[in-house]
Amino acid sequence: MRILVIEDEKKVASFIRQGLSEEMYAVDVAYDGVEGLKMALETYYDAIILDVMLPKKDGMTVIRELRGTGCVSPVLMLTARAGTQDRVQGLDLGADDYLTKPFHFEELAARVRSLLRRTGTEKTIVLSCGELSLDTVTHRASRSGKEFELTTKEYSLLEYLIRNKGRVLSRSLIQQHVWSYSFDTESNIIDVYVKRLRGKIGDEGAARMIRSVRGVGYIMREPDPSAQTGDDDDE
Ligand code: CA
């Protein structure tokens, strides 16, 4: 999952970036409203954290223009003001939730998870596909009760695949949601990670869940119990 943070206070922005990165999200940061809006319109973000008081373009204008273009990414607004006016205005302009500064990181993380659940097809904290399950709070992954360790990127990739199971995901879509701007588009890094992930979760043979879609990317499907041997579409 990839998140955009639009926040001009460097300390707050870096605190949020660090925390969300540790929670396995890919994070991009914009330090003013103009840059933030530009980034939000160029890339699809799974969630946007938007400060109200911003240089160049304030958060209210950013959310209004964002929704005006049809952007549906969930938005969590950060407000330093105690008054209800900002919250009401933000929600009326299309924000999905708000958080008043100062806040504890745990609360921000919980609200982000809640936004992702609200907009996704999956409404539960534990995502699953076949015997595989992934806890989006503890980041524990297991298959048939056996736990395995995943790196940040492996976790993000698996979470994105499971959230979108049954959908063909192009490499560029996977790149947009799992990697941040520093990503090298020339490399075959997605294929390398998928291979590694398959190895860790023991996803092989005719009943494999992560399938290649030739010339496009990948699809994750519930294992087919009637899968015949020999129809392996990979490599
Ligand atoms: Ca600010």
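Predicted model: local features only at pLDDT ≥ 70, side-chain atom pairs only at ≥ 80, totals over all residues.
1. The calcium ion is coordinated by an OD atom from each of Asp-8 and Asp-51 and by the O atom of Met-53, at 2.1 to 2.3 Å. Along the chain these donors follow the spacing D-x42-D-x1-M. Distant parts of the chain are linked here, since Asp-8 sits in the loop between β1 (2–6) and α1 (10–22), while Met-53, 45 residues apart from it, sits in the loop between β3 (47–51) and α3 (59–68).

2. The largest nonpolar core has 49 residues, of which Ile-16, Leu-20, Ile-49, Leu-108, Leu-158, Ile-174 and Met-220 touch the most other members. This core draws at least three residues from each of domain 1 (2–119) and domain 2 (126–234). Apart from it lies another core, of 20 residues, which includes Leu-4, Leu-37, Tyr-45 and Leu-66.

3. Leu-20 is in contact with Ile-3, Val-5, Tyr-25, Val-27, Ile-49 and Phe-105, if its neighbours within four places in sequence are left aside.

4. Helix α6, which covers residues 152–163, reaches 16 Å from its first C-alpha to its last, close to the 16 Å expected for its twelve residues at 1.5 Å a residue. Eleven of these twelve residues are buried, so α6 is largely enclosed by the rest of the structure. Among the buried residues of α6 are Lys-153, Glu-154, Glu-159 and Arg-163, as well as Leu-157, Leu-158, Leu-161 and Ile-162.

How values were computed:
Residues numbered from 1 in each chain as written. Heavy atoms only, no water. Donors = N, O, S within 2.8 Å, 3.2 Å for Na, K, Ca; no water. Helix = DSSP H or I, 4+ residues; strand = E, 2+ residues; numbered from the N terminus. Core = buried A, V, L, I, M, F, W, Y, C linked by side-chain atoms within 4.5 Å. Buried < 20%, exposed > 50% of the residue type's maximum accessible area, 1.4 Å probe, protein only. Domains from an automatic or database assignment. Contact = heavy atoms within 4.5 Å. Expected span 1.5 Å × (residues − 1).
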